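Please consult the sequence and the structure shown here alongside the text.

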Amino acid sequence: MNSLAPQWLDAYHRASFFIAVEVMMELLDQLEQKITLALETIELLNMENEELKQEVAQLKSEKEQALDQQQVVEQRINRLLKQFNEELTAA
């Protein structure tokens, strides 16, 4: 590791240089850990997003089915009411 420090530095400055290098390496390690954590978080959020998209699609489908059923029921009720009114007026 002594080969990293410029030869013209005295012992004190070489020691300071190596301390600075150690601090920088530690900071780079911390940054790498934070980047790794951020990437893992992004991956998890993307998976959750896909699951939610599927859930939304399923709910939209169920809503459409419910609306179709509602329309059928409304049509039946209207037919029955019309038939009831016709029978009332005929009687």
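Phenylalanine 18 is buried, with a relative accessibility of 13% (buried means under 20% relative accessible area, exposed over 50% and partly exposed in between, with a 1.4 Å probe and protein chains only). The model is predicted, so local features need pLDDT of at least 70 and side-chain atom pairs count only at pLDDT 80 or more, whereas totals for chains, interfaces and linings use all residues. Residues are numbered from 1 along each chain as its sequence is written, and side-chain values use heavy atoms, with hydrogens and water left out.

**Aromatic pair**

- The structure contains one aromatic pair, where rings of Phe, Tyr and Trp (its six-membered ring) pair if their centres lie within 6.5 Å, and planes under 30 degrees apart count as stacked, over 60 as edge-to-face and the rest as tilted.
- Phenylalanine 17 and phenylalanine 18 have ring centres 5.5 Å apart and planes at 75°, so the pair is edge-to-face.
- Phenylalanine 17 is partly exposed at 27% relative accessibility, whereas phenylalanine 18 is buried at 13%.

**Salt bridge**

- One salt bridge is counted, defined as a side-chain nitrogen of Lys or Arg within 4 Å of a carboxyl oxygen of Asp or Glu.
- Glutamate 50 and lysine 53 form a salt bridge, with their closest N and O atoms 3.7 Å apart.
- Both residues lie in helix α1 (residues 11–90), three residues apart, about one turn of the helix; helices (H or I, at least four residues) are DSSP runs, numbered from the N terminus.
- Glutamate 50 is partly exposed at 42% relative accessibility, and lysine 53 is partly exposed at 48%.

**Surface patches**

- Patches are made of residues with over 30% relative accessible area and no salt bridge, with like charges joined within 9 Å and nonpolar side chains (Val, Leu, Ile, Met, Phe, Trp, Tyr) within 5 Å.
- Met25, Leu28, Leu31, Ile35, Leu39 and Ile42 make up a nonpolar surface patch with about 580 Å² of accessible area together, the areas coming from the Shrake-Rupley method with a 1.4 Å probe.
- Glu22, Glu26, Asp29 and Glu32 form a negative surface patch, with Asp and Glu counted as negative and each charge placed at CG of Asp or CD of Glu.
- Aspartate 29 is located in helix α1 and is partly exposed at 42%.

**Separation along the chain**

- Leucine 52 lies in helix α1 and is partly exposed, with a relative accessible area of 43%.
- From leucine 52 to leucine 88, the separation is 36 residues in sequence and 53 Å in space, C-alpha to C-alpha.

Terms used:
Helix = DSSP H or I, 4+ residues; strand = E, 2+ residues; numbered from the N terminus.
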